[in-house]
Amino acid sequence: MVTCTGCALLCEDIEVVLENGGIKESRNACRRGAARFRGCKNRLAPSVDKKQTDIDTAIKKAAEILKNAKSLMLFGWSNSTCEAQAKGIQLAKKLNAAIDDTSSFCQGLLIERVLQKKFRTCSLEDVRNRADVLVYWGSDAQDSQPRHLSRFSVFPRGESRQRGYEEDRLAIAIDVRESNTAKICKGHFYRIPLKGDREFILALMEALVGKVPKYDAKRMLELAGIMKKAEFGVIFAGIGLTYSIKDDIDILVSLADMLPNFHVMPMVGHYNMRGFNEALFKETGFVNRVKFGVKPVHDNKYAVVEALKSKSIDALLITGSDPLSSLPRSILSHLASIPVICIDPCVTLTSKIAAVTIPAAASGLECGGSAVRMDGKVIEISKVVENSYLTDAQILTRLMEGL
Amino acid sequence: MGMDVGKFMKNPEYEIKLTTHRDIFQVEALEYDRFGDEYKKHSAVVVMGKDDMNKFGLKTGDRVRLMNSFGSIVVELRESKREEPGGLAFMVNSPWSNALVSDETGGRGIPEFKNINAKISRTKDEITTIESLIDR
């Protein structure tokens with residue numbers, strides 16, 4: 001059995017069939033996980049200034065860029081092992097650099113509140129064994145964490161939920177789109193208008209204290225009734241909810257405070273985003289957007305989006321992320337004018353414009369380590385195939401030695 | 001053969017709101033090859049409810065230009081398989097949708113990935129390539 005790094009569920013029940021040193025087939029994985037085990041078509045090669053070179057030359061050039069930068073940012077991290085993330089934070093400290101990860105424009109706001117213990121949360125095993133009311137809010141787990149419903153929430157039998165979804169569990173979806181997850185929550189899909197989550201929360205809060213809400217009163221009172229009666233409820237907070245209430249995220253904390261039997265779990269996509277958030281939080285008290293110096297400083301200006309928009313960085317090292325693919329084009333022009341170092345197993349949009357590319361082992365396939373599941377549980381990930389690629393951690397160590 | 005009068009006329013533009021989501025088939029294609037046809041097929045697409053399509057005189061398979069002050073892309077239009085309330089079109093999150101996302105963040109570091117205003121019009125231009133989304 002090996003662990004899948006396709007998403008932050010880190011499924012540990014994957015069987016792989018090996019043939020001629022490679023993976024012939026994977027079993028039990030979802031479509032997303034199986035794709036990860038198949039690997040990518042175009043492996044990254046070491047290069048400097050878009051000319052292929054050897055790995056030593058690429059690392060030497062990258063170290064030179066890091067040394068000469070006056071305003072450096074290290075970014076990415078959610079597709080790296082905890083061991084590599086620790087090296088990344090160490091490198092940022094050594095260079096007095098800013099460090100940020102993909103949670104900065106993803107679930108960082110919610111993870112931060114979980115780590116600050118502003119929400120009651122729980123483990124995925126608790127969900128499987130005890131949860132009776134499951135609320136997928138702005139979350140299409142069926143497409144993003146495809147085995148969430150089958151391994152932990154809606155479908156499995158659990159210690160206190162022996163009759164599963166037929167009698168013991170109720171699944172609810174709150175979303176602007178009738179997603180594949182919403183389809184499963186038949187009869188309990190609450191469609192809200194775009195950016196309507198805040199108004200929905202306010203109406204739900206009214207209904208919970210027995211007032212008649214201004215917004216869809218009948219269904220809101222019905223939902224409040226279900227949530228109040230829950231023995232063990234969970235709100236699976238998806239990115240749709242986070243983006244919608246990003247300017248007033250604590251309204252979700254206020255709602256959770258009114259629901260003593262409810263837990264909040266941020267739905268994380270990348271397999272080890274939470275690992276980075278926890279490591280940086282332990283080191284600095286912040287989950288992302290930190291600049292090291294005499295002491296670590298947290299500021300929104302150290303968010304990768306703001307740093308690129310304001311053109312305030314003069315070099316960027318990226319590990320396991322493709323900002324050219326995942327960020328708005330309207331803020332990316334600065335990337336073309338600064339040296340970018342790209343560490344990745346595969347060719348990406350960002351690697352195409354990078355000054356230096358350094359190929360890395362794909363974690364969970366070509367290297368092992370540890371990672372933090374979306375609920376905070378540490379999971380060991382395994383090396384499946386022999387290979388000669390350096391791991392992210394080894395590359396970062398060599399960069400540090402080269403400074 | 002009759003003259004195609006349409007080609008001399010500017011296609012009408014309509015204001016739409018777009019939101020983005022994830023799709024497992026697109027993620028699968030992304031894992032394998034983000035420069036490949038399969039990824040493009042699942043990404044360079046906008047999905048709309050039947051009523052909105054009728055209102056705009058558009059049909060499944062049309063190529064449409066989506067445009068705002070941040071960017072302009074050509075994608076394929078498909079009809080939603082579900083009942084839609086109207087007024088909102090859907091794209092899978094990708095470099096194509098990201099070409100239309102505003103740079104306005106209020107200084108808080110999170111762009112409005114899921115809340116995009118754009119104009120839609122039928123076009124005969126080719127679907128935007130991923131290579132052209134890297135060029136700057």
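**A sheet, a helix and a contact between chains**

In chain A, the residue His298(A) of S13(A) is the bridge partner of Val290(A). Strand S12 (residues 290–291) of chain A and S13(A) run antiparallel to each other, and their pairing covers 2 bridges; two strands are said to pair if DSSP finds at least two bridges between them. The structure is a predicted model, in which local features need pLDDT of at least 70 and side-chain atom pairs count only at pLDDT 80 or more, while totals for chains, interfaces and linings use all residues. Residues are numbered from 1 along each chain as its sequence is written, and chains are lettered from A and ligands numbered from 1 in the order in which they are written.

Chain A holds 18 helices and 18 strands, the names being DSSP runs numbered from the N terminus (helices are H or I with at least four residues, strands E with at least two). The C-alpha trace of chain A spans about 65 × 50 × 35 Å along its principal axes.

The strands S12(A) and S13(A) belong to an open sheet of 9 strands with mixed pairing, whose order in chain A is S4-S3-S16-S15-S14-S5-S6-S12-S13. Strand S4 (51–52) and strand S13 (297–298) of chain A lie at its edges with a single partner strand each, so one side of each has no neighbour in the sheet. Strand S15 (residues 340–344) of chain A has 5 of its 5 residues buried, so it is largely enclosed by the rest of the structure. From S15(A), the buried residues Val340(A), Cys342(A) and Asp344(A) point one way, while Ile341(A) and Ile343(A), also buried, point the other way. Strand S14 (residues 315–319) of chain A pairs with S15(A) in the parallel sense over 4 bridges, and here Ile318(A) stands opposite Cys342(A). S15(A) also pairs in the parallel sense, over 4 bridges, with strand S16 (residues 356–359) of chain A, where Val356(A) is opposite Ile341(A).

Helix H14 (residues 273–284) of chain A has 12 residues, which at 1.5 Å a residue should span 16 Å, and its end C-alpha atoms are 17 Å apart, which agrees; the expected span is 1.5 Å times one less than the number of residues. Among the buried residues of H14(A) are Met273(A), Phe276(A) and Leu280(A). Its buried residues pack against helix H3 (82–94), strand S6 (98–101), helix H4 (108–115), S12 and strand S17 (369–372) of chain A. Just after H14(A), Gly285(A) has a positive phi of about 90 degrees.

The contact between the chains takes 43 residues from chain A and 37 residues from chain B, two residues being in contact if their C-beta atoms, placed from the backbone, lie within 7 Å. Strand S1 (14–21), helix H1 (24–32), helix H4 (95–98) and helix H5 (130–134) of chain B each supply at least two residues of the side of chain B that touches chain A. H1(B) gives the most to that side of chain B, with 5 residues.

Technical notes. A residue is buried if 20 or more other C-beta atoms lie within 10 Å of its own, exposed if 12 or fewer, and partly exposed in between; C-beta atoms are placed from the backbone.
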